[in-house]
Amino acid sequence: MTTPKVGLALGGGGARGMAHIAVIQAFDDLGIRPTAISGASIGAMIGAGYASGMTGAEIREFATDTFANRADVLGRLWKVRPKGLSELFGNRGIARFDAERVTQMFLPDTIAPTFEELQTPLTIVAADFYGWCEADISSGPLLPAVAASIAIPVIFKPVVLDGRIMVDGGVINPLPFDTLPKDVDIVVAVDVVGGPEPGDHGGLPNATESIFGATQLLMHSILREKLKLRRPDILVRPDINAFRVLDFLKTAEIMRATAPLRETLKRDLHRAIDAFEAGATLQKTLDPTEGERTEA
């Protein structure tokens, strides 16, 4: 029996990306390990943990513990805040957080230091700001690449990698299933972009909602065009519009809301694998190099 190679693409969407954890747990339940992973923004963070060998349960526990206590989260952010007037108000405008310092603060110590030490091949997507192009990173130090991929411009300073100025990968490739290896047989892609929803106040969005909402519209536009050219075998779109990009303090709530994904994906993966294996068996019976045709 031919075992299919399964690739997993984890998209960008801020706190909504906690939905990725239910997907990883579905893989664990089935005893399936992706042969390759790709990630953008929050998908890069969670993908780094998964590719380093963490299970879905371990990622879930770490995320729950990390964001369970508001005071603890604010304390961590206080430690990595911009310091001094020179950082707060420089000639390049109001300062933002250092993505590399935040990544070190909010990722577990078990993350592999380099791509080469990962248990599963991983491609991380960032945007080359002055190169006007996508940067697919799959070698070298891991944490700087993750930092580059999460560097949302209004929150984080850009990250310099090999002399290139990098920002959030989600703005250029919000669901990077096209960066998975060509020999992957089944592609699973998880879209957590979401979209702007009317706030409790109604009426016009405030400045923050406008910025993030406009970015989501851009990401949706990019993804629609991509899907016209190629679609993943399984496209997962959890219902996460009730949550906002920075709702990390609602991590436990997001994971509860997206828990049903686990069983749904298991069924979809079963069907995809069965279809692949049936097709591979039929192809083998029709292959003239295998001798006379036999019944499937």
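**Aromatic rings and their neighbours**

Biologist: Is Y130 buried or exposed, judging by its relative accessible area?
Modeller: Keep in mind that this is a predicted model. The relative accessible area of Y130 is 59%. A residue counts as exposed over 50%, so Y130 is exposed.

Biologist: How are the rings of F129 and Y130 arranged?
Modeller: F129 is partly exposed, with a relative accessible area of 46%. The ring centres of F129 and Y130 lie 5.0 Å apart, and their planes meet at 85°. Planes over 60 degrees apart count as edge-to-face, so the pair of F129 and Y130 is edge-to-face.

Biologist: What kind of pair do the rings of F67 and F106 make?
Modeller: Their centres are 5.8 Å apart, with the planes at 5°. Planes under 30 degrees apart count as stacked, so the pair of F67 and F106 is stacked.

Biologist: How many residues apart are F67 and F106?
Modeller: F67 belongs to helix α3 (residues 56-67), while F106 belongs to helix α6 (residues 99-106). Both F67 and F106 are buried. Their pair links distant parts of the chain, and the separation is 39 residues.

Biologist: Which residue joins F67 and F106 in one aromatic cluster?
Modeller: F67 and F106 already pair with each other. The cluster has one further name, F248.

Biologist: Which residue has its charged end over the ring of F106?
Modeller: Elsewhere, R81 lies over the face of W78, at 3.7 Å from the ring centre. For F106, the charged end sits 5.5 Å from the ring centre, and it belongs to R76.

Methods:
Residues are numbered from 1 along each chain as its sequence is written. This is a predicted model: local features need pLDDT of at least 70, side-chain atom pairs count only at pLDDT 80 or more; totals for chains, interfaces and linings use all residues. Side-chain values use heavy atoms; hydrogens and water are left out. Rings of Phe, Tyr and Trp (its six-membered ring) pair if their centres lie within 6.5 Å; planes under 30 degrees apart count as stacked, over 60 as edge-to-face and the rest as tilted. Helices (H or I, at least four residues) and strands (E, at least two) are DSSP runs, numbered from the N terminus. Buried means under 20% relative accessible area, exposed over 50%, partly exposed in between (1.4 Å probe, protein chains only). A charge sits over a ring if NZ of Lys or CZ of Arg is within 6 Å of the ring centre and within 35 degrees of the ring normal.
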